[in-house]
Amino acid sequence: MCQDAAKTRNKDLLIAFLNELFRGRKIIADLYYNKNEHVGDTEDIGTVIFDLTCTADNGERFIIEVQRTAQDNLKKRMLYYSSKLIGDQAPKGNRRAWNYAISEVYIIVLMDGFAMPEAGDEKYFLHDICLCYRDHGKIFYDDLGFIYVELVNFVKAEAELVNDLDRWLYVLKNMSSLNGLSTYLRKPIFEKLFQLAEYSKLKPEEREMYNVSLRNKWDAESIRSSQEEQLKRAREKAMAEGKAEGKAEGKAEGEVIGKAEGKAEVIKNLLSSNKFSISEIAELADVTIEFVKQIEAEKAKGK
């Protein structure tokens, strides 16, 4: 499976998770992965570092970097990464015209199995940080933010999950031990996440077998959809031709007779195409199977 294709198909998972972390401050409508992304293809994805360019529902664009590894000097590293994301936006020339039009930058750290440095006795599982005044706490600059998710401090049981952020954190923390999803987690986005996690645990040969079966399923679905679309178009064409023929004949011999003969002509054309069965032609022309057989017999006699 192509990693780029897999990322495209599964970015709805990441968008949903990030939107929960922003808790309404930002609504991400789309995102794409930038160049410096390193994602493992197995269950062990130890060093995941990637940055994203996101588009909000109001058209705003901003950059997010996501980290998932325990590191020395974590806070300073995150400050460095954010500074680099800001610095890389500066053009090489004509900075006067650029006028420091810096995109918003957010650093998100999913702390899986390690704690917030120097947190002391604090047991917060979500640390939402921005630049603010030391004296009164009013926000000084809101376009640079850090969100640390400390999973070791998330201790809620399933029955205590009250919102989708709780559900996300519960699944992320307990995914390896989940054998299925309970009623508390029965939402399409979590079902897809669970299926993706189960896939990552497969052995290479099992994964290939799964991919083959999935491709066969997609091929069958594509054929079925194509056939349905073909039938739909043929039905619309047949009905249009039938109405046109019916109106033309109706002027001379009456509307009922005209419609019948118009449909008969359509049925002859469908029979000549050799693409449809008797029952399909009857459905397309909105007539009985007996009527189609009658036209077929007349056509065979050369009428």
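User: Why is isoleucine 129 called partly exposed?

Analyst: Its relative accessible area is 34%. Buried means under 20% and exposed over 50%, with partly exposed in between (1.4 Å probe, protein chains only), so isoleucine 129 counts as partly exposed. Bear in mind that this is a predicted model: local features need pLDDT of at least 70, side-chain atom pairs count only at pLDDT 80 or more, and totals for chains, interfaces and linings use all residues. Residues are numbered from 1 along each chain as its sequence is written, and side-chain values use heavy atoms, leaving out hydrogens and water.

User: What does isoleucine 129 touch, not counting residues up to four places away in sequence?

Analyst: Met116, Leu144, Gly145, Phe146 and Tyr148, where contact means heavy atoms within 4.5 Å.

User: What makes tyrosine 141 partly exposed?

Analyst: Tyrosine 141 comes in at 31% relative accessible area, so it gets the partly exposed label.

User: Which side chains make polar contacts with the side chain of glutamate 104?

Analyst: Lysine 26 is one, at 2.7 Å, and tyrosine 106 is another, at 2.6 Å. A polar contact is a pair of N or O atoms within 3.5 Å; within protein, one must be able to donate a hydrogen and the other to accept it, and residues adjacent in sequence count only if both atoms are side-chain atoms.
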